[in-house]
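Please read the following explanation with the sequence and the model side by side.

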Amino acid sequence: MDAVEKANSERQKKWTKDQKVGEGTYAVVYRGREVSTGRKVAIKKIKVSQFKDGLDMSAIREVKYLRELQHQNVIELLDVFSSKTNLNLVLEFLDTDLEMIIKDRTLVFLPADIKSWMAMTFRGLEYCHRNFILHRDLKPNNLLVASDGQLKLADFGLARDFADPGYKMTCQVITRWYRPPELLFGSRYYSAAVDIWSVGCIFAELMLRTPYLPGESDMDQLKTTFRALGTPTEEEWPGHTKLPDYVPVGQFPKTPLRDLFTAASADTLNLLSKCLVYEPRKRIGAKEALNHPYFFALPNPSHPSKLPKSSNMASTRALEEVDGNVDQNVAGPAVKAAAPNRLKRKLNSPGDELASRSIARRLDFSQPKQP
Amino acid sequence: MSMPAQVPQIASPSSSAKKPLYEGSTQYKNWRFSPEKLTRIRASLNAAAVSVIRNTFEADEPGSSSNVLFLTADEEHLLVKLYISKISQLCGHFRFPEEVEATAVSYMKRFYLKNTVMDWHPKNVMLTALFLATKTTNNPISLETYTSHIPKTIPSDVLDLEFLVAQSLGFEFAVWHAHRALWGIWLDLQSLPDTPPDQSQDIYDTATMHVRASRLTDAELIYSPSQIALACMSLASPAFASQWAGSKIPSLADTLQPTIETIKSLITQAGHPPDVESVRTVDRRLKLCKNPEKVVGSKAYLAKKAEEERKAEEKRSRKADEIRKAMENGDPFGDELSWQEKEEKIKEIVDEDDND
Ligand SMILES: Nc1ncnc2c1ncn2[C@@H]1O[C@H](COP(=O)(O)OP(=O)(O)OP(=O)(O)O)[C@@H](O)[C@H]1O
Ligand SMILES: [Mg+2]
């Protein structure tokens with residue numbers, strides 16, 4: 001055997017693959033273990049053979065960025081190995097995600113809890129931006145939560161670097177509800193500010209316990225956004241009417257955030273409003289956000305281990321584990337249905353979220369070359 | 001915003017608390033070597049390949065390896081260098097951005113620190129490395145378009161090696177490049193108060209040419225991107241280079257100087273494509289000494305495949321037995337499955353595992 005193949009198979013032997021725990025658009029995720037320590041891991045198996053252009057772009061992005069990133073608030077890629085026609089990413093195992101926590105009606109969030117999740121999100125994001133990496137798909141479902149309560153940015157399948165200034169990028173990124181207006185208007189030259197907008201939407205969602213700007217189509221997304229935050233004026237966002245896909249969607253007055261977020265502190269609303277500034281260049285940066293008075297005012301952020309956590313998570317997972325797999329410890333009847341939380345996720349997503357996301361990936365692929 | 005033109009081993013005072021980004025990279029950790037180490041790696045890869053291939057020849061026909069003139073490590077290196085120079089031609093043809101070209105070149109160099117030319121011909125590796133680089137730098141084109149523009153190449157030529165190349169790179173796709181560091185230096189220079197403004201564009205262009213030449217050398221496997229960039233700037237204009245160093249890294253400017261000089265001479269001596277005639281001789285000899293196990297359709301290749309298939313089959317039936325046994329002691333599929341359904345299930349599971 002070649003040295004390279006041998007090294008690969010040795011890496012492969014370090015991990016065991018157990019039950020299937022979920023399925024994404026381009027991968028199946030299994031629970032597994034590190035053989036030497038028994039440590040629980042997630043193994044994301046990417047189906048390679050189905051792609052006629054070879055290794056899939058999402059997989060490549062995910063591997064490329066996660067290989068370089070090491071931060072408490074970014075999911076850890078422990079290893080990568082290939083098997084005949086598959087690529088396997090070994091990731092730290094994370095129990096749940098922020099979407100499930102938000103949706104769990106039995107949980108009560110204190111302002112200190114929200115502050116803690118926001119701090120962890122901004123820390124992870126500041127690290128990515130410092131490394132010139134845009135995430136481009138921030139949403140509660142991509143903020144995973146470890147058993148010790150640490151929140152981790154995950155799913156780097158749409159990430160890219162932005163070291164090159166003035167480099168044209170696709171605007172078909174970020175799940176619609178978390179997509180900033182500059183992208184909805186077709187801007188191709190954007191920056192770290194796109195991720196900040198998404199974080200603003202997540203911040204609002206943590207307080208509201210329901211998505212803040214749930215547009216039903218791209219056009220409706222603009223309307224929903226402007227209805228909530230007022231139609232931008234030329235003064236507050238110079239030049240926006242010149243963006244490629246600009247369309248007037250009607251005049252909506254500015255209503256104070258206070259009207260909707262009745263219980264929030266002034267600091268909270270001040271930071272929120274700075275994340276949702278229309279003019280991308282005036283939107284707050286991740287580093288600046290971390291220095292915002294909100295994070296220094298009382299209450300102090302909750303300790304991660306004290307954060308609310310779904311209890312039904314474990315049982316949901318247990319059902320999925322049997323799906324199409326052998327689990328010799330489970331004596332119960334076979335469960336052949338699709339993974340419930342996967343389905344739930346899809347139903348709860350905006351109508352064509354998954355479709356538009358795969359389009360984004362496709363578009364990227366056929367992007368015309370710049371001379 | 002630009003990549004900071006930081007010279008490694010030098011933390012700028014403002015970021016001293018945080019590790020400079022480059023120093024946390026896989027490139028810094030896994031892809032830097034001393035010149036001696038590079039020589040050793042190549043020599044031992046070469047020796048190992050020669051012994052394997054010799055054995056294969058002997059197994060096929062005893063005595064047949066004695067007349068074969070195997071390639072030396074230097075000859076292998078020469079051939080790789082030729083194909084590295086071809087990457088640049090192809091990129092010009094496709095009008096790929098510089099990032100793609102530089103990344104593909106790095107992939108080629110890294111690949112041949114894990115593999116030998118006698119196993120994998122650099123022409124094919126080059127095509128795969130370049131295609132992979134278009135994707136990892138986010139400049140993808142369809143495989144079909146790619147291969148249709150390259151004579152005598154079909155998609156499978158590229159795809160067959162993609163996994164091997166990715167594996168050889170350790171799936172470490174991110175590369176830090178000298179041309180970016182150079183750009184950072186140039187931006188810095190423009191903001192210095194006493195920069196002679198007029199010829200700065202020419203100097204940048206000349207320095208960029210030297211960066212391109214450096215891609216034909218081992219520089220990136222030994223030095224940091226900013227060191228290479230500074231050396232290239234120094235080749236274009238020693239005055240500019242020392243001005244930059246004096247303003248950005250005053251305390252280190254002197255200690256760095258010998259390194260910069262070494263890089264400069266490496267680039268001037270080795271930074272050009274090899275003589276085509278001499279490479280042609282090497283390539284001709286390669287045909288006689290390449291590993292027959294890697295030549296699709298050869299006797300040795302078929303023998304190896306058959307052996308692999310036998311092992312896989314063994315594994316499959318072992319797995320099926322295990323599952324059957326497990327089912328007998330405590331049925332994981334429940335009682336409502338018929339015998340046929342269970343057999344189906346076993347097959348599914350075994351196949352699933354098999355493509356692992
Ligand atoms: N690190 C992990 N630890 C535990 N479970 C995980 C982990 N990563 C993913 N999962 C589970 O696997 C499922 C699929 O994950 P994946 O990231 O492939 O897709 P997704 O994000 O749900 O969908 P998409 O591919 O559309 O983004 C997740 O919904 C989650 O249940
Ligand atoms: Mg996801």
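The paragraphs below go through selected features of chain A and then of chain B.

This is a predicted model, in which local features need pLDDT of at least 70 and side-chain atom pairs count only at pLDDT 80 or more, while totals for chains, interfaces and linings use all residues. Residues are numbered from 1 along each chain as its sequence is written, chains are lettered from A and ligands numbered from 1 in the order in which they are written, and side-chain values use heavy atoms, with hydrogens and water left out.

In chain A, strand 1 (residues 15-23) and strand 2 (residues 27-34) run antiparallel and are joined by six bridges; helices (H or I, at least four residues) and strands (E, at least two) are DSSP runs numbered from the N terminus, and two strands pair if DSSP finds at least two bridges between them. These two strands of chain A form a hairpin with three residues between them, and within the pairing A:Thr16 stands opposite A:Arg33 of strand 2. The charged end of A:Lys17 sits over the ring of A:Tyr30, 5.1 Å from its centre, where sitting over a ring requires NZ of Lys or CZ of Arg within 6 Å of the ring centre and within 35 degrees of the ring normal. A:Arg209 likewise lies over the face of A:Phe109, at 3.7 Å from the ring centre.

Chain A also holds an open sheet of three strands, with antiparallel pairing in the order 6-8-9. Its edge strands are strand 6 (96-97) and strand 9 (151-153), each of which pairs on one side only. Strand 8 (residues 143-145) of chain A pairs with strand 9 over three bridges in the antiparallel sense, and A:Leu144 has A:Lys152 in strand 9 as its bridge partner.

How many aromatic pairs does a search of the whole structure find over all chains? The search finds 22, counting rings of Phe, Tyr and Trp (its six-membered ring) with centres within 6.5 Å, and calling planes under 30 degrees apart stacked, over 60 edge-to-face and the rest tilted. A:Phe122 and A:Phe295 form an edge-to-face pair, 6.2 Å centre to centre with 85° between the planes. This pair links distant parts of the chain, since A:Phe122 lies in helix 4 (residues 111-130) of chain A and A:Phe295 in the loop between helix 9 (286-290) and helix 10 (312-321), 173 residues apart. A:Phe122 is buried at a relative accessible area of 0%, and A:Phe295 counts as buried at 10%; buried means under 20% relative accessible area, exposed over 50% and partly exposed in between (1.4 Å probe, protein chains only).

A:Phe203 and A:Tyr294 form a tilted pair, 5.4 Å centre to centre with 55° between the planes. Because A:Phe203 lies in helix 6 (residues 193-208) of chain A and A:Tyr294 in the loop between helix 9 and helix 10 of chain A, the pair ties together parts that are 91 residues apart in sequence. A:Phe203 is buried, with a relative accessible area of 0%, and A:Tyr294 is buried, with 4%. Elsewhere, ring pairs link A:Phe185, A:Trp197, A:Phe226, A:Trp237, A:Tyr246 and A:Tyr278 into a cluster.

Turning to chain B, its secondary structure comes to 16 helices and zero strands, and buried residues make up 54% of its 356 residues. Of the contacts in chain B (heavy atoms within 4.5 Å) with a separation of 6 or more, 76% are between residues 24 or more positions apart.
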